[in-house]
Amino acid sequence: MNAPLALLAELTHRCPLRCPYCSNPAELTRASAELTTAEWSRVFTEAAALGCLQTHLSGGEPTARRDIVDITAAAHQAGLYTNLITAGVLLDAALLSRLTAAGLDHVQLSVQDADTTNAENIGGMPGAHARKRTAAQLVREAGLPLTINAVVHRQNLHNLQAIIDLARAWGAARLEVAHVQYYGWALANRDALLPTRAQLDEATRIVNAARGELRIDYVVPDYHAHRPKPCMGGWGSRFLAVAPNGDVLPCHAAQSITGMVFPNIRDTSLHDAWHHAPAFNRFRGTAWMPAPCQGCERAEIDWGGCRCQAFALTGDAANTDPACALSPHHAVLADALEKAATNTFRYREFS
Ligand code: SF4
Ligand code: SF4
C-alpha cells in the first residue's frame, strides 16, 4: 500500500466568507467540536511517521483559529512542509511574521474574481477583495512563495484573463484555475455555477495561451467530460484528510457520502485509520468496481472516477462516476447542463 503524500488538515469550518461552491460539507462542524492544538500536534507527528511529506493547513479559514501559529509550529516540528490555504482576510503583518517564524513554507490565497464587486458578491463578504490584495503583498514581503487559487464557474469565467493578470500583478509564482467540483454546497448551487460548453472552451484557450508566462494548474469540470478524472489518484491511495472534528477521510468531500462510517483520530491512530479502516479499504484497488469499469483498460488510470460524485448523482458511491460516457447514468450531466439557468446563490452557512 502507498504512503499518503499529503495531509489536508481542515482546522476549522469557520470562515468570514460564504462561497456558494465551498468544499466544506453541508453540515458544518462547530468550534466546540474542533480538535485541540495538542490533538493536531499528534496528527502531524503521526502523519510524518506514516510517510506524509507535506500538510495543507486549510478550513474553512485556518487563521480563524487563535492557535494557528502553534498549529503551524507543530506541523513544522513534525518535519512537514507547511502550506497555508487561506482567504487572506484575517492575515496581517504581525500574524504573518509569527507564522513565518513558526516555520510556514508556502501560502495559497483564494480569490473569487478580479472584479471587486463580483468577487465580493461571490464570496458574500464586503471589503474582502482589498484585504486579499494586502495579504498577497504581505506574503511577498515576507519572502514566502505565493499561489493564487481561483475557483471558476459561470459567474466569473468572463473575467478569467483578468484573474490571470491579477495573479501576475499580485506576485504569484503559480496560479491554480479550478473549475467547481459539484458536491456539497456546490451541488446545491449547481444551477448558478455550471459553465456552458462555450465558456469552458474559451477558458481552456485562455489558460493555454497564458502558460509559460505563469505556472498554471488547470482543473477541468466533469460535466462536459467523456471520461472522469482519477479523483485523488485513487481512493485511499495518495491522500489523507482530517476534518475539524477529527474524522479521518480519504478525500475532503467524503463526508458527503452518507452512511459511510469514517474513523476518528480521537479513537484511533492515523496509521490504523489509513491501513485498516473499512472506509479506507472500501474503494481501494479495482476489485470493488462494477461494470463497465470492471476489466476496462482505464480502471487503473482513473479508478472509476469520483466516489463522491457517483454518490451525489446516482445515490450509490460504488457506481461508475457518471462523468464517464460509458456509465449508464451519464445522461444526468447533460440534463443538469440544460437546466442550469439561475444566477442566485445559496450561500454557505452554519445550520
Ligand atoms: S471556499 Fe470560501 S467559504 Fe469556503 S473556506 Fe474557502 S473562502 Fe471560506
Ligand atoms: S468505465 Fe470506469 S474505468 Fe473505464 S473509463 Fe469509465 S470510469 Fe474509467
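1. Met 232 lies in the loop between S7 and S8; helices (H or I, at least four residues) and strands (E, at least two) are DSSP runs numbered from the N terminus. Met 232 has a positive phi of about 60 degrees although it is not a glycine. Most residues other than glycine have a negative phi, and most peptide bonds are trans. Is Met 232 buried or exposed? Met 232 is buried, with 23 other C-beta atoms within 10 Å. A residue is called buried if 20 or more other C-beta atoms lie within 10 Å of its own, exposed if 12 or fewer, and partly exposed in between, with C-beta atoms placed from the backbone.

2. The model is predicted: local features need pLDDT of at least 70 and side-chain atom pairs count only at pLDDT 80 or more, while totals for chains, interfaces and linings use all residues. Residues are numbered from 1 along each chain as its sequence is written, and chains are lettered from A and ligands numbered from 1 in the order in which they are written.

3. Trp 303 also has a positive phi, about 55 degrees, although it is not a glycine. Trp 303 is placed in the loop between H12 and helix H13 (307–314). It is buried, with 25 other C-beta atoms within 10 Å.

4. One joins Gly 59 and Gly 60, with omega about 15 degrees; Gly 60 is found in the loop between S2 and helix H2 (68–77). Another joins Ala 291 and Pro 292, with omega about 5 degrees; Pro 292 belongs to the loop between helix H11 (278–281) and helix H12 (299–302).

5. The sheet is open and has nine strands in the order S7-S6-S5-S4-S3-S2-S1-S8-S9, with mixed pairing. Two strands count as paired if DSSP finds at least two bridges between them. Strand S7 (215–219) and strand S9 (248–249) are the edge strands, each pairing on one side only. Helix H1 (residues 37–50) packs on the sheet and touches S1, S2 and strand S8 (239–242). The direction of H1 makes about 170 degrees with that of S1; axes are lines fitted to C-alpha atoms, for helices over the stretch in contact, and angles run from 0 to 180 degrees between N-to-C directions.

6. How many bridges join strand S1 to strand S2? Five bridges join S1 (residues 6–10) to S2 (residues 54–58), and these strands run parallel. Within this pairing, Ala 6 stands opposite Gln 54, and Leu 8 has His 56 as its bridge partner. Four of the five residues of S2 are buried, so S2 is largely enclosed by the rest of the structure.

7. Ile 85 lies in strand S3 (residues 81–86) and counts as buried, with 22 C-beta neighbours inside 10 Å. Leaving aside neighbours within four places in sequence, Ile 85 is in contact with His 56, Leu 57, Ser 58, Pro 62 and Gln 108. Two residues are in contact if their C-beta atoms, placed from the backbone, lie within 7 Å. The C-alpha atoms of Ile 85 and Glu 61 are separated by 7.9 Å, with the two residues 24 apart along the chain.

8. In helix H4 (residues 116–123), Ala 119, Ile 122 and Gly 123 are buried. They cover an arc of only 90 degrees around the axis, which puts them on the same side of H4; the arc is that of the directions from the helix axis to the C-beta atoms. Strand S4 (106–111) and helix H5 (128–141) are included in what covers these buried residues. After H4 comes Gly 124, whose phi is positive, near 70 degrees.

9. The residues around ligand 1 are Cys 15, Leu 17, Arg 18, Cys 19, Cys 22, Asn 24, Gly 59, Gly 60, Glu 61, Ala 87, Ser 110 and Arg 348. A residue is near a molecule or strand if its C-beta atom, placed from the backbone, lies within 6 Å of it. This shell has five nonpolar, four polar and three charged residues. Ala, Val, Leu, Ile, Met, Phe, Trp, Tyr, Cys and Pro count as nonpolar, Asp, Glu, Lys and Arg as charged, and the others, Gly among them, as polar.

10. Which residues come nearest to ligand 2? Of the 14 residues around ligand 2, these are Cys 293, Cys 296, Arg 298, Asp 302 and Cys 324. The shell around ligand 2 divides into seven nonpolar, three polar and four charged residues.
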